[in-house]
Amino acid sequence: MNYAHPEVLVPTVWVEQHWNDPQVRLVEVDVDANAYHEGHIPGAIAWAWSSQLCDTTRRDILSREAFEKLMSASGIGNDTTVVLYGDSNNWFAAWAFWQMKIYGHKDARMLNGGRKKWIAEGRDLTPAVPHPQPAHYKAAAADLSLRAYLPQAQAASQQPGADLVDVRSPQEFTGEIFAPPGLPETCQRGGHIPGARNIPWSKACNDDGTFKSADELKALYGAEGVDGSRPVIAYCRIGERSSHTWFVLRYLLGYKQVTNYDGSWTEWGNLVGAPVEKGVAAEVKP
Amino acid sequence: MKAEYYRERRLEVAGWPLRLTSYKIGEKFYCHADNVSPGANIARASASSQEEAERLALEKAQERLQRTVRR
């Protein structure tokens, strides 16, 4: 079995051959925004997830206008090939990819293995920050079929017709901890949305940061009853790890109806009166 | 320039798995500490030697992991 959309992944060697291609824009998006300044792929610009890839006033993704402004300032036109990469196995690169698809960017790709693989392979790095010529960018209206909101998550929890996939760690899922180890707690309650399956996002990756094969991914999600026959809603804590799983299910496995519930546990776990399940998930019914 | 002396080490700190990834870029050694799963960076440090960068990152990671409450 091959990936459903192999064109969205590029290997490190491809990037090495195309980093100065004027048609290609490399963008690094890290969990740790300081990583870029240690050294990055020549020609790559950086986007900060906490200030450039969200609305900083209200909790939301970028507005269409803000997205257009970011693309234009980044020298990205509607026909530019954008290759995203970052630390933590492309965790926030996937968040950027998801927003690019919401606003209809045609040619967005991910560097398979991300920053980790590039560095581990000893490939060229530079401290030089490029200043691209601004471009003209016209975004499409937001495609909200890629995004789930609270009512959709509530409906999926109450009337099983969609698969809710919680991609956090098992300890977050069971309610043993309220946030990933070492990070501040950002919700009032621990546990998960009733009915959700727990498939941690990182299981989709190999040790070198690359994505597992299509067969391995199909087996991973299939073992939890997630086979693409029903709509899938992925969630995590703030919606970024689940954008990684969204990418895997939508682009590598080709499942048609996959959404990212970016409100995630910081919305559900803070909601007054919301039902919460603790402990491990029930066995998958055949 | 290229990253050199790349290495990863896994250890347990305050009951949590921790991964230290360190390397040299230019004149500096960098170390990132992540919590393995979920894989978030929780500490970073730089120093003139690999051992010192790892020690500093480990120190910060330890402090943060100790604050994680199990219920």
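# Close-up views of a predicted two-chain model

**View 1. Two strands side by side in chain A.** A:Asp166 sits opposite A:Tyr235, a residue of β9(A). Keep in mind as you look that this is a predicted model. The two strands to find here are β7 (residues 163-166) and β9 (residues 232-235) of chain A, which pair in the parallel sense over four bridges.

**View 2. The open sheet of chain A.** Now step back to take in the five strands of this sheet, which follow the order β6-β10-β9-β7-β8 in chain A. The sheet is open, and its pairing is parallel. Which strands stand at the edges? They are β6 (147-148) and β8 (197-198) of chain A. Each of these has a single partner strand, so one side of each has no neighbour in the sheet.

**View 3. The two domains of chain A.** The domain assignment divides chain A into domain 1 (6-142) and domain 2 (147-268). The C-alpha centres of these two domains of chain A are 23 Å apart. Where they meet, 21 residues of domain 1 of chain A are in contact with 24 residues of domain 2 of chain A. Together, the two domains of chain A bury about 2,000 Å² between them, and carbon and sulfur atoms account for 67% of it. On the side of domain 1 of chain A, the residues that lose the most area to domain 2 of chain A are A:Arg59, A:Trp91 and A:Trp98, with 32% of what that side buries between them.

**View 4. A salt bridge where the domains of chain A meet.** How many salt bridges does the rule find across the interface of domain 1 and domain 2 of chain A? There is one. Look too for the side chains of A:Arg147 and A:Asp60, which meet in a salt bridge with N and O 2.8 Å apart. Polar contacts also cross this interface of domain 1 and domain 2 of chain A, with nine residue pairs found. Two helices of chain A, α4 (87-102) and α5 (114-120), each give two or more residues to the side of domain 1 that touches domain 2. The largest share of that side, ten residues, belongs to α4(A). Sorted by class, the side of domain 1 of chain A that touches domain 2 of chain A has eleven nonpolar, five polar and five charged residues.

**View 5. Chain B meets chain A.** Here the picture moves to the contact between the chains, made by 26 residues from chain B and 35 residues from chain A. The size of an interface is often given as the accessible area lost when the parts come together. For chain B and chain A, the buried area is about 2,500 Å², with 53% of it from carbon and sulfur atoms.

**View 6. Charged and polar partners between the chains.** Six salt bridges are counted between chain B and chain A. Across the interface of chain B and chain A, 14 residue pairs are in polar contact. At least two residues of the side of chain B that touches chain A come from each of β1 (4-13), β2 (16-25), β3 (28-34), β4 (41-47) and α1 (50-66) of chain B. Which element supplies the largest share of that side of chain B? It is β2(B), with four residues. By class, the side of chain B that touches chain A contains twelve nonpolar, six polar and eight charged residues.

Terms used
Residues are numbered from 1 along each chain as its sequence is written. Chains are lettered from A and ligands numbered from 1 in the order in which they are written. This is a predicted model: local features need pLDDT of at least 70, side-chain atom pairs count only at pLDDT 80 or more; totals for chains, interfaces and linings use all residues. Side-chain values use heavy atoms; hydrogens and water are left out. Contact means heavy atoms within 4.5 Å. Buried area is the accessible area (1.4 Å probe) that two parts lose on being put together, summed over both. A salt bridge is a side-chain nitrogen of Lys or Arg within 4 Å of a carboxyl oxygen of Asp or Glu. A polar contact is a pair of N or O atoms within 3.5 Å; within protein, one must be able to donate a hydrogen and the other to accept it, and residues adjacent in sequence count only if both atoms are side-chain atoms. Ala, Val, Leu, Ile, Met, Phe, Trp, Tyr, Cys and Pro count as nonpolar, Asp, Glu, Lys and Arg as charged, and the others, Gly among them, as polar. Two strands pair if DSSP finds at least two bridges between them. Domain bounds come from an automatic or database domain assignment.
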